[in-house]
Amino acid sequence: MLENLRISIQGIWSHKMRSFLTMLGIIIGIASIIAIVSTIKGTSEQIKEDLIGAGNNTVTISLYDGDSTYDAEYGMSSSGAPPLLTAEQKEDVMDMEHIENATFFYTRTYSSSVYYQNTAFQGGTIYGIDENYLDTCGYMIQSGRGFIQKDYDELRKVALVDSNAAENLFSGEDPLGKTIEIGDDPFTVVGVVQQSDSYQPNISDINEFYEYYQSVIGTVMIPDTCWPIAFQFDEPENVIIKADSTDNMSKAGNDAANILNQGISENSNFKYKADDVMERVRSLQKLSESTNQQLIWIASISLLVGGIGVMNIMLVSVTERTSEIGLKKAIGARKKVILFQFLTEASMLTSIGGIIGVISGIALSRMVAKVSGAPTAISIPAIIGSVLFSMLIGVIFGLLPSVKAANLNPIDALRSE
């Protein structure tokens, strides 16, 4: 085997230009495939990041009344009183497999019940949050402080605002220590929070803007124990869970929703449903990949052309080395020895072309990313598969010339000169 490799490398090196031109089809094909696969993978990751953020792994589980989310701001539903979560259900969700953290909170949107002096907080969101909300949703304290346990235990009327709400409500004033009215009750702002960039979706068009409109306007938060003080009656809670990985988001969200729906009648219009963002991610990824896979098939044509080139040059090599083959057979070389020698040379030729193609493909994907701004991500399986595939091409297209060389009559081969 080592001797075959040595002879193959020697043969390729002795005809450098011819060998390179033979490899060119393989190089172009492999480079194109690597670049396309890298773009597909990069686009898939970008889609995932655009929709769910870079690794926040959070799933929102909302209470639905029929086909739409339940909104306590509109009063009692025609379906009756909404279900309330029990402490046991919350503990069961927290103890679930694949869930790192979970938060249970109240929420109202488009709230006109929040005021600072004569400024109304129109179009934003107000939350009644528990101790886990900031950590689960990736909020950091920008100034002031967060809620402490005494705020919950003693029903302190304190509030947090995010930077957007601070700007819209206080118009550049320092919000710390300011008093805002929620309902008819005064709440003191004790902190300003900011959500980490990795938890924020990238808003690239008007539809995505409307989807995340409330977070753009701003957010006001109060302790969940104070929610009945501000809004006078019990309301159902929504849930956000944090999965241990992006791949487990769908399963964890659906399993948690099943726990929350325990005790709700099957005939009830009320149901907790997980916002399966990953399903939307997979749909968009599938659409992107199906388009790019057609490009891979087109790029594969150059591999076919490259394989034909390998077959052609190996036939030429057999013709050139007819007397050498005859001499080897005359001194006892068996058919399989000759066969494996030429197969090894063909495989070596395409393997070198594959390696050069991989390097070229990586460089090409980087260049495309830099010029067009399209995201790319190098796929190790694609690299390994490309090299192995190029070796397979050498075996397939080198088989005919190798069989021809192995079947040469030694007497006719020696007389060929």
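At what angle do helix α3 and helix α10 pack, and how far apart are their axes? Select residues 87-94 for helix α3 and residues 249-260 for helix α10. They pack at an angle of about 165°, with axes 9 Å apart. Axes are lines fitted to C-alpha atoms, for helices over the stretch in contact, and angles run from 0 to 180 degrees between N-to-C directions. That angle makes α3 roughly antiparallel to α10. The cut-offs are: under 35 degrees roughly parallel, over 145 roughly antiparallel, 65 to 115 roughly perpendicular, the rest oblique. The crossing of α3 and α10 is right-handed. In a right-handed crossing the near helix is turned clockwise from the far one by less than a right angle, in a left-handed one anticlockwise. Helices here are DSSP runs (H or I, at least four residues), as are strands (E, at least two), numbered from the N terminus.

Some ground rules before moving on. This is a predicted model, where local features need pLDDT of at least 70, side-chain atom pairs count only at pLDDT 80 or more, and totals for chains, interfaces and linings use all residues. Residues are numbered from 1 along each chain as its sequence is written, and side-chain values use heavy atoms, with hydrogens and water left out.

**Stop: two loops**

Select His98, in the loop between α3 and β3 (99-109). Its phi is positive, about 75°, although His98 is not a glycine. Most residues other than glycine have a negative phi. His98 is partly exposed, at 23% relative accessible area. The scale is: buried under 20%, exposed over 50%, partly exposed in between (1.4 Å probe, protein chains only).

Next, Gln117, in the loop between β4 (114-116) and β5 (119-120). Gln117 also has a positive phi, about 55°, and is not a glycine. At 62% relative accessibility, Gln117 is exposed.

**Stop: salt bridges**

The structure holds eight salt bridges. Each is a side-chain nitrogen of Lys or Arg within 4 Å of a carboxyl oxygen of Asp or Glu. Show Arg108 and Glu235: their closest N and O atoms are 2.6 Å apart. This pair links distant parts of the chain, 127 residues apart. Arg108 sits in strand β3, Glu235 in the loop between α9 (227-231) and β12 (238-243). Both residues, Arg108 and Glu235, are buried.

Now select Arg145, Asp151, Glu154 and Arg156, which a network of salt bridges links. Within this group, Arg156 pairs with Asp151 at 3.3 Å between the closest N and O atoms. Arg156 is partly exposed at 28%; Asp151 is buried at 0%.

Move to Lys178 and Glu173, whose side chains meet in a salt bridge at 3.9 Å, N to O. Lys178 is partly exposed at 23%. Glu173 is partly exposed at 40%.

Select Leu24 in helix α2 (residues 16-52). Leu24 is partly exposed, at 31% relative accessibility.

The C-alpha atoms of Ile356 and Leu24 are separated by 9.5 Å, with the residues 332 apart along the chain. Ile356 is partly exposed, at 32%.

Finish at Gly398 in helix α14 (residues 380-406). Gly398 is buried, at 0% relative accessibility. Its C-alpha atom lies 8.6 Å from that of Leu315, 83 residues away along the chain.
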